[in-house]
Amino acid sequence: MKHPLKVFTGNSNPALAHEICGHLGIDLSPLQISRFSNDNLFVQIQENVRERDVFVVQPFTEPVSEHIMELLITLDALRSASARRITAVIPYYSYARSDKKDAPRISIAGKLMADLLQTAGANRVLTMDLHADQVHGFFNIPVDHLTAVPLIADYFKANYDLSRMVAVATDAGGAKRAGRFSERLNIPLAIIDKRRVSDTQVKQGHVVGDVKDMDAVIFEDEISTGGTLMSTVKTLQQAGVRSIHVGAVHPVLCGPAITNLREANISSLVVTNTVYLPEQKQLEKITQLSVASLIAEAISRIHSGESVGALFS
(Lines give C-alpha, C1' and ligand atoms only; values in the text may rest on other atoms or scores of the structure.)
Protein backbone atom coordinates (compact mmCIF):
# COMPACT_ATOMS: atom_id res chain seq x y z
CA MET A 1 0.00 0.00 0.00
CA LYS A 2 1.38 3.40 -0.99
CA HIS A 3 1.04 6.03 1.72
CA PRO A 4 0.27 9.57 0.50
CA LEU A 5 3.08 12.14 0.58
CA LYS A 6 2.67 15.43 2.46
CA VAL A 7 5.04 18.42 2.65
CA PHE A 8 4.81 21.14 5.33
CA THR A 9 6.97 24.16 6.05
CA GLY A 10 7.62 26.64 8.83
CA ASN A 11 8.50 30.30 8.36
CA SER A 12 12.21 29.82 7.64
CA ASN A 13 12.08 29.45 3.84
CA PRO A 14 8.52 28.92 2.57
CA ALA A 15 9.51 29.94 -0.98
CA LEU A 16 11.84 26.93 -1.19
CA ALA A 17 9.13 24.63 0.17
CA HIS A 18 6.63 25.87 -2.44
CA GLU A 19 9.20 25.29 -5.19
CA ILE A 20 9.91 21.76 -3.90
CA CYS A 21 6.18 21.00 -3.99
CA GLY A 22 6.03 22.33 -7.55
CA HIS A 23 8.65 19.78 -8.61
CA LEU A 24 6.78 17.04 -6.76
CA GLY A 25 3.47 18.02 -8.38
CA ILE A 26 1.67 18.46 -5.05
CA ASP A 27 0.31 21.36 -3.00
CA LEU A 28 2.08 22.52 0.15
CA SER A 29 0.04 21.22 3.08
CA PRO A 30 -1.50 23.85 5.38
CA LEU A 31 0.03 24.56 8.78
CA GLN A 32 -0.95 27.24 11.28
CA ILE A 33 1.82 28.81 13.36
CA SER A 34 0.79 31.52 15.80
CA ARG A 35 1.49 32.73 19.33
CA PHE A 36 -0.34 32.72 22.60
CA SER A 37 -0.51 35.97 24.57
CA ASN A 38 2.41 34.76 26.71
CA ASP A 39 4.60 34.49 23.55
CA ASN A 40 4.50 30.66 23.45
CA LEU A 41 4.32 29.15 19.97
CA PHE A 42 1.17 27.38 18.81
CA VAL A 43 1.27 24.94 15.88
CA GLN A 44 -1.70 23.17 14.34
CA ILE A 45 -1.65 20.70 11.44
CA GLN A 46 -4.62 21.69 9.30
CA GLU A 47 -5.28 18.46 7.42
CA ASN A 48 -5.34 14.73 8.07
CA VAL A 49 -1.86 13.14 8.23
CA ARG A 50 -2.76 9.79 9.78
CA GLU A 51 -0.53 7.09 8.22
CA ARG A 52 0.96 9.66 5.81
CA ASP A 53 4.61 10.02 4.81
CA VAL A 54 5.34 13.57 5.97
CA PHE A 55 8.22 15.96 5.22
CA VAL A 56 8.78 19.28 7.04
CA VAL A 57 11.03 21.85 5.31
CA GLN A 58 12.77 24.19 7.76
CA PRO A 59 16.36 25.46 7.42
CA PHE A 60 18.01 26.72 10.64
CA THR A 61 18.18 30.38 9.63
CA GLU A 62 17.83 33.68 11.46
CA PRO A 63 16.17 33.85 13.94
CA VAL A 64 17.62 30.38 14.46
CA SER A 65 16.11 29.55 17.86
CA GLU A 66 12.67 30.65 16.70
CA HIS A 67 12.80 28.46 13.60
CA ILE A 68 14.14 25.48 15.54
CA MET A 69 11.25 25.73 18.00
CA GLU A 70 8.78 25.95 15.10
CA LEU A 71 10.24 22.76 13.68
CA LEU A 72 10.32 20.86 16.97
CA ILE A 73 6.72 21.71 17.83
CA THR A 74 5.60 20.87 14.28
CA LEU A 75 7.31 17.48 14.48
CA ASP A 76 5.62 16.79 17.81
CA ALA A 77 2.22 17.84 16.43
CA LEU A 78 2.67 15.51 13.44
CA ARG A 79 3.60 12.62 15.71
CA SER A 80 0.53 13.28 17.86
CA ALA A 81 -1.54 13.31 14.65
CA SER A 82 -0.34 9.74 13.87
CA ALA A 83 1.82 10.46 10.83
CA ARG A 84 3.38 7.19 9.64
CA ARG A 85 6.88 8.62 9.05
CA ILE A 86 8.19 12.14 9.67
CA THR A 87 11.27 13.50 7.88
CA ALA A 88 12.83 16.80 8.96
CA VAL A 89 14.13 18.49 5.80
CA ILE A 90 16.83 20.90 6.99
CA PRO A 91 18.66 22.31 3.95
CA TYR A 92 20.86 24.43 6.24
CA TYR A 93 21.78 22.85 9.60
CA SER A 94 23.58 25.77 11.27
CA TYR A 95 24.50 23.91 14.46
CA ALA A 96 26.78 21.65 12.41
CA ARG A 97 29.44 24.25 13.26
CA SER A 98 29.14 23.20 16.94
CA ASP A 99 30.63 19.78 16.33
CA LYS A 100 33.45 19.56 18.89
CA LYS A 101 34.52 20.56 22.38
CA ASP A 102 37.23 23.07 21.51
CA ALA A 103 36.89 25.19 24.67
CA PRO A 104 36.25 24.37 28.34
CA ARG A 105 32.67 23.95 29.64
CA ILE A 106 30.81 24.23 26.33
CA SER A 107 28.05 22.21 24.69
CA ILE A 108 28.51 20.16 21.53
CA ALA A 109 25.27 21.72 20.32
CA GLY A 110 25.25 19.88 16.99
CA LYS A 111 24.67 16.63 18.90
CA LEU A 112 22.09 18.27 21.17
CA MET A 113 20.05 19.44 18.17
CA ALA A 114 20.18 15.93 16.67
CA ASP A 115 18.80 14.48 19.92
CA LEU A 116 16.06 17.13 20.12
CA LEU A 117 14.89 16.39 16.57
CA GLN A 118 14.53 12.70 17.36
CA THR A 119 12.83 13.39 20.68
CA ALA A 120 10.35 15.73 18.98
CA GLY A 121 9.31 13.01 16.54
CA ALA A 122 11.61 13.00 13.49
CA ASN A 123 12.12 9.51 12.06
CA ARG A 124 14.81 10.67 9.64
CA VAL A 125 16.60 13.83 8.50
CA LEU A 126 17.33 15.19 5.01
CA THR A 127 20.00 17.89 4.95
CA MET A 128 22.57 19.48 2.65
CA ASP A 129 26.31 20.21 2.87
CA LEU A 130 26.94 20.00 6.59
CA HIS A 131 29.78 22.25 7.76
CA ALA A 132 31.40 19.19 9.34
CA ASP A 133 30.72 15.74 7.89
CA GLN A 134 31.07 14.07 11.29
CA VAL A 135 27.81 15.71 12.42
CA HIS A 136 26.11 12.99 10.36
CA GLY A 137 27.22 10.61 13.13
CA PHE A 138 25.46 12.64 15.84
CA PHE A 139 22.09 11.26 14.74
CA ASN A 140 20.56 8.00 15.96
CA ILE A 141 18.09 8.11 13.07
CA PRO A 142 18.78 7.83 9.32
CA VAL A 143 20.28 10.92 7.67
CA ASP A 144 20.36 11.63 3.93
CA HIS A 145 23.16 14.13 3.29
CA LEU A 146 22.81 15.93 -0.06
CA THR A 147 25.40 18.17 -1.68
CA ALA A 148 25.08 21.19 -3.95
CA VAL A 149 28.71 20.93 -5.12
CA PRO A 150 27.76 19.44 -8.53
CA LEU A 151 25.07 22.13 -9.02
CA ILE A 152 27.48 25.02 -8.39
CA ALA A 153 30.32 23.36 -10.30
CA ASP A 154 28.12 22.78 -13.35
CA TYR A 155 27.12 26.46 -13.28
CA PHE A 156 30.77 27.50 -13.37
CA LYS A 157 31.46 24.98 -16.13
CA ALA A 158 28.66 26.44 -18.26
CA ASN A 159 29.33 30.13 -17.65
CA TYR A 160 33.06 30.62 -17.03
CA ASP A 161 36.33 30.08 -18.87
CA LEU A 162 38.07 27.36 -16.86
CA SER A 163 41.37 27.42 -18.76
CA ARG A 164 43.11 29.54 -16.09
CA MET A 165 40.82 28.86 -13.13
CA VAL A 166 41.98 27.47 -9.78
CA ALA A 167 39.76 26.38 -6.88
CA VAL A 168 40.74 27.79 -3.50
CA ALA A 169 40.01 26.33 -0.05
CA THR A 170 39.97 28.96 2.69
CA ASP A 171 41.72 26.59 5.11
CA ALA A 172 42.96 23.01 5.44
CA GLY A 173 39.62 21.95 6.95
CA GLY A 174 37.78 22.98 3.77
CA ALA A 175 40.29 21.34 1.42
CA LYS A 176 38.24 18.17 1.01
CA ARG A 177 35.12 20.14 0.06
CA ALA A 178 36.97 22.45 -2.33
CA GLY A 179 38.79 19.39 -3.68
CA ARG A 180 35.49 17.82 -4.74
CA PHE A 181 34.63 21.10 -6.46
CA SER A 182 37.98 21.24 -8.29
CA GLU A 183 37.69 17.60 -9.37
CA ARG A 184 34.25 18.26 -10.81
CA LEU A 185 35.68 21.11 -12.90
CA ASN A 186 39.04 19.39 -13.54
CA ILE A 187 40.96 22.43 -12.31
CA PRO A 188 43.87 22.71 -9.83
CA LEU A 189 43.40 23.32 -6.09
CA ALA A 190 45.11 25.83 -3.80
CA ILE A 191 44.79 26.08 -0.01
CA ILE A 192 45.07 29.12 2.25
CA ASP A 193 47.01 28.82 5.50
CA LYS A 194 44.51 30.17 8.06
CA ARG A 195 44.40 30.69 11.81
CA ARG A 196 41.05 31.55 13.41
CA VAL A 197 41.42 34.12 16.21
CA SER A 198 37.69 34.37 17.05
CA ASP A 199 34.26 33.84 15.48
CA THR A 200 34.65 37.03 13.44
CA GLN A 201 38.44 37.45 13.19
CA VAL A 202 40.70 35.34 11.00
CA LYS A 203 44.47 35.55 10.54
CA GLN A 204 45.78 34.20 7.25
CA GLY A 205 49.29 33.57 6.02
CA HIS A 206 50.20 32.35 2.56
CA VAL A 207 48.78 30.40 -0.36
CA VAL A 208 49.73 26.76 -0.84
CA GLY A 209 49.54 26.28 -4.60
CA ASP A 210 50.01 28.35 -7.77
CA VAL A 211 47.49 31.19 -8.18
CA LYS A 212 49.55 33.94 -9.84
CA ASP A 213 47.75 35.34 -12.93
CA MET A 214 44.95 32.80 -12.40
CA ASP A 215 41.18 33.20 -12.01
CA ALA A 216 40.57 32.05 -8.44
CA VAL A 217 37.26 30.61 -7.32
CA ILE A 218 36.98 30.41 -3.54
CA PHE A 219 34.71 27.53 -2.55
CA GLU A 220 33.00 27.34 0.85
CA ASP A 221 30.05 25.53 2.39
CA GLU A 222 28.69 28.80 3.81
CA ILE A 223 29.34 32.51 4.12
CA SER A 224 28.27 34.03 7.43
CA THR A 225 29.91 37.36 8.32
CA GLY A 226 32.31 37.20 5.38
CA GLY A 227 35.37 37.63 7.62
CA THR A 228 37.15 34.56 6.31
CA LEU A 229 36.22 35.50 2.76
CA MET A 230 37.64 39.02 3.09
CA SER A 231 40.92 37.69 4.49
CA THR A 232 41.11 35.13 1.69
CA VAL A 233 40.50 37.78 -0.98
CA LYS A 234 43.28 39.94 0.48
CA THR A 235 45.68 36.97 0.58
CA LEU A 236 44.88 36.03 -3.03
CA GLN A 237 45.34 39.63 -4.25
CA GLN A 238 48.76 39.73 -2.61
CA ALA A 239 49.57 36.45 -4.39
CA GLY A 240 48.80 38.04 -7.77
CA VAL A 241 45.55 36.46 -8.92
CA ARG A 242 43.88 37.83 -12.06
CA SER A 243 40.28 37.71 -10.79
CA ILE A 244 38.35 36.31 -7.84
CA HIS A 245 35.03 34.46 -7.85
CA VAL A 246 33.20 32.72 -5.01
CA GLY A 247 31.02 29.64 -4.78
CA ALA A 248 29.16 28.80 -1.56
CA VAL A 249 26.20 26.58 -0.74
CA HIS A 250 24.62 28.49 2.16
CA PRO A 251 24.40 32.33 1.88
CA VAL A 252 23.82 33.06 5.58
CA LEU A 253 25.22 36.61 5.13
CA CYS A 254 24.79 37.85 8.70
CA GLY A 255 26.33 40.83 10.53
CA PRO A 256 28.65 42.86 8.26
CA ALA A 257 28.54 40.33 5.40
CA ILE A 258 26.70 42.51 2.89
CA THR A 259 28.98 45.48 3.55
CA ASN A 260 32.01 43.20 3.23
CA LEU A 261 30.75 41.77 -0.06
CA ARG A 262 30.01 45.21 -1.52
CA GLU A 263 33.56 46.34 -0.74
CA ALA A 264 35.34 43.10 -1.64
CA ASN A 265 37.14 42.79 -4.97
CA ILE A 266 34.98 39.83 -6.03
CA SER A 267 33.72 39.49 -9.59
CA SER A 268 30.87 37.10 -8.77
CA LEU A 269 29.33 35.08 -5.96
CA VAL A 270 27.33 31.93 -6.77
CA VAL A 271 25.17 30.50 -3.95
CA THR A 272 22.01 28.40 -3.53
CA ASN A 273 18.60 29.04 -2.01
CA THR A 274 19.00 26.78 1.04
CA VAL A 275 18.86 30.11 2.87
CA TYR A 276 16.26 32.73 1.94
CA LEU A 277 17.81 35.98 0.70
CA PRO A 278 15.67 39.06 1.41
CA GLU A 279 15.77 41.91 -1.09
CA GLN A 280 18.29 43.94 0.94
CA LYS A 281 20.82 41.10 0.62
CA GLN A 282 20.42 40.55 -3.11
CA LEU A 283 23.52 42.20 -4.54
CA GLU A 284 24.14 42.43 -8.28
CA LYS A 285 27.22 40.20 -8.01
CA ILE A 286 25.20 37.38 -6.34
CA THR A 287 23.69 34.57 -8.41
CA GLN A 288 21.35 32.25 -6.49
CA LEU A 289 20.80 28.72 -7.82
CA SER A 290 17.85 26.61 -6.75
CA VAL A 291 18.25 23.29 -4.94
CA ALA A 292 14.50 22.65 -5.02
CA SER A 293 14.61 20.02 -7.77
CA LEU A 294 17.41 18.13 -6.00
CA ILE A 295 15.57 18.12 -2.66
CA ALA A 296 12.30 17.18 -4.39
CA GLU A 297 13.99 14.23 -6.09
CA ALA A 298 15.48 13.12 -2.76
CA ILE A 299 12.05 13.36 -1.10
CA SER A 300 10.51 11.33 -3.93
CA ARG A 301 13.20 8.65 -3.56
CA ILE A 302 12.82 8.47 0.21
CA HIS A 303 9.06 8.17 -0.21
CA SER A 304 9.35 5.37 -2.78
CA GLY A 305 12.24 3.56 -1.10
CA GLU A 306 14.80 4.25 -3.83
CA SER A 307 18.47 5.13 -3.36
CA VAL A 308 19.23 8.76 -2.57
CA GLY A 309 22.98 8.21 -2.98
CA ALA A 310 22.37 7.26 -6.63
CA LEU A 311 21.66 10.96 -7.29
CA PHE A 312 25.41 11.61 -7.07
CA SER A 313 26.85 8.44 -8.55
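Thr-87 has Arg-124 as its bridge partner in strand 6. Strands here are DSSP runs of E with at least two residues, and helices are runs of H or I with at least four, numbered from the N terminus. The model is predicted: local features need pLDDT of at least 70, side-chain atom pairs count only at pLDDT 80 or more, and totals for chains, interfaces and linings use all residues. Residues are numbered from 1 along each chain as its sequence is written, and side-chain values use heavy atoms, with hydrogens and water left out.

Strand 5 (residues 85-90) and strand 6 (residues 124-128) pair in the parallel sense over four bridges; pairing requires at least two DSSP bridges between two strands. Ile-90 stands opposite Thr-127 in strand 6. The chain passes from strand 5 to strand 6 through helix 3 (residues 109-120), in a right-handed β-α-β crossover. Right-handed means that, with the strands pointing away from the viewer, the path from the first strand over the helix to the second runs clockwise.

Strand 4 (residues 53-57) also runs parallel to strand 5, joined by five bridges. Phe-55 has Thr-87 as its bridge partner in strand 5. Helix 2 (residues 64-80) carries the chain from strand 4 to strand 5, again in a right-handed β-α-β crossover.

Six of the six residues of strand 5 are buried, so this strand is largely enclosed by the rest of the structure. Buried means under 20% relative accessible area, exposed over 50%, and partly exposed in between (1.4 Å probe, protein chains only). Arg-85, Thr-87 and Val-89 point one way; Ile-86, Ala-88 and Ile-90 point the other.

The open sheet has five strands in the order 1-4-5-6-7, with parallel pairing. Strand 1 (5-9) and strand 7 (143-146) are its edges, each pairing on one side only.
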